[in-house]
Amino acid sequence: MKKYLLPFGCLGLLIACRPAPIREVAEVENPVATIADLQLARIDSFPFASSIRAIEAVDANTIWFAGSNGRVGHSLDGGQSWQVDSLEHEGRLLHFRSIAVTNEAVFVLSIESPALLYKSTDQGRSWRLVYQEDHPTAFYDAMQFWDEQHGIAMGDPTDGCISIILTEDGGESWHKIACDDLPPAAEGEAAFAASNSNIALQGDQAWVVTGGAKARVLHSPDRGKSWSIVQSPLAEGGQMTGIYTVDFWDEERGIIFGGDWNDKTINSSNKAATMDGGKTWQLLADGEGPGYRSCVKYFPRGAGQAILAAGIPGISISYDGGESWQDLSTESWYALSFVPNSNDCWLAGGGKLGKVVWE
């Protein structure tokens, strides 16, 4: 394991935006800063190459990320300084697209077979392997926790169904759900390891999204014990089409976003919302607003109406539940994570981190 200590100045983009406070969204007609209003201060890349597609802001001071080339990093002082580890397995650098943080531990999950899930209980000073899957087509995309004990990760199909693993003991052990207990995957249906946001959790519920041949939403009302699946209206049928990201404001209101990675300008059939817990989905701003986006999140203080979406190319914002959108930036990012109970937001991209601060 290699370690690097980096100042914030090496970590990319800081965006300072000064629209009206988002909690006043209902009273504000045009709160979005124009590109000319954005103050950009950036350095192009890390001193090493890493595609960072998983980031979690734990609080105002603590931020964790995971990326390619074995990189797992964190800051404990709000991004002023960072520790970056390099994780290897049998002499091979791992590639991470999933990260989850609880009060007691941090978890990272690698993609290609063998899929390796590591746990650290000492702020990344040491890592312990808690799950390994050697299926030749294993490929994991996202991971989240309901609470300190119960977690879930999902990945591409193996043996005819989407891969879903669960823990009920704080990540000490994980078990894979048998395909007999999951809806069958269609031929060519999979998921995209684009932003660690293929899973959304609310209460005891979970929603898991797919793409490729089918763009569908799996739903569990009971922390993974039972599952159903519904069709979404997002584009499907191509190798890189479908749902890339999902978020829920509460147990009824949610949003999915995606599109076609091969033609990122297409802005039809690429975003939809539900008002009934995912039973039905309706297209949003069809043919309008942003095209492909890889990560979408509700603002913690946005009353279920303010939404941020990041991808290639750019960051887009909606103040009306996704019905209309405005661009904040044309800078490309993969993933985003809001600081809990705050509208400050951390971004992750190709060899860079960034932050959106609302003043």
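Buried residues make up 58% of the 359 residues in the protein chain, where buried means under 20% relative accessible area, exposed over 50%, and partly exposed in between, using a 1.4 Å probe on protein chains only. Please keep in mind that this is a predicted model, where local features need pLDDT of at least 70, side-chain atom pairs count only at pLDDT 80 or more, and totals for chains, interfaces and linings use all residues. Residues are numbered from 1 along each chain as its sequence is written, and side-chain values use heavy atoms, with hydrogens and water left out.

On secondary structure, the protein chain has 0 helices and 34 strands; these are DSSP runs numbered from the N terminus, with H or I over at least four residues for helices and E over at least two for strands. Of the contacts in the chain with a separation of 6 or more, 51% are between residues 24 or more positions apart, a contact being heavy atoms within 4.5 Å.

Now to the core. In soluble globular proteins, nonpolar side chains tend to be buried together. A nonpolar core here is a set of buried Ala, Val, Leu, Ile, Met, Phe, Trp, Tyr and Cys residues joined through side-chain atoms within 4.5 Å. The largest one has 17 residues, and Ile 152, Met 154, Ile 164, Ile 199 and Trp 227 touch the most other members. At least two residues of this core come from each of β15 (151-158), β16 (161-167), β19 (199-202) and β20 (205-209). Which strand gives the most to this core? That is β16, with 4 residues. Leaving aside residues up to four places away in sequence, Met 154 has contacts that include Tyr 140, Ile 162, Ile 164, Ala 191, Ile 199 and Val 208.

A search of the whole structure turns up 1 cavity of 30 Å³ or more. On a 1 Å grid over the protein atoms alone, a cavity is a set of points where a 1.4 Å probe fits but cannot get out, and lining residues have an atom within 4 Å of a point. Grid points are joined across faces, edges and corners, and the volume is the space filled by probe spheres set on the points. The largest cavity holds about 40 Å³, and its lining is Trp 146, His 150, Gly 151, Leu 166, Thr 167, Glu 168, Arg 223 and Lys 225.

Let me turn to strand β30, residues 314-318. Why is it largely enclosed by the rest of the structure? Because 5 of its 5 residues are buried. Gly 314, Ser 316 and Ser 318 lie on one side, with Ile 315 and Ile 317 on the other, and both faces are covered. β30 pairs antiparallel with β29 (residues 307-311) over 5 bridges, where strands pair if DSSP finds at least two bridges between them. Ser 318 is the bridge partner of Ile 307, and a hairpin of 2 residues joins β29 to β30. In the loop between these strands sits Pro 313, joined to Ile 312 by a cis peptide bond with omega about -5°. On to β31 (residues 326-329), which is antiparallel to β30 with 3 bridges; there, Asp 327 partners Ser 316.

Finally, some backbone details. Another cis bond runs from Ser 113 to Pro 114, with omega near -5°. Glu 90 has a positive phi near 55° and is exposed at 77% relative accessible area. Asn 341 has a positive phi too, near 60°, and counts as exposed at 61%.

Conventions. 1 Å grid on protein atoms, 1.4 Å probe; cavity = no way out; pocket = protein on both sides within 12 Å on 5 of 7 lines; lining within 4 Å.
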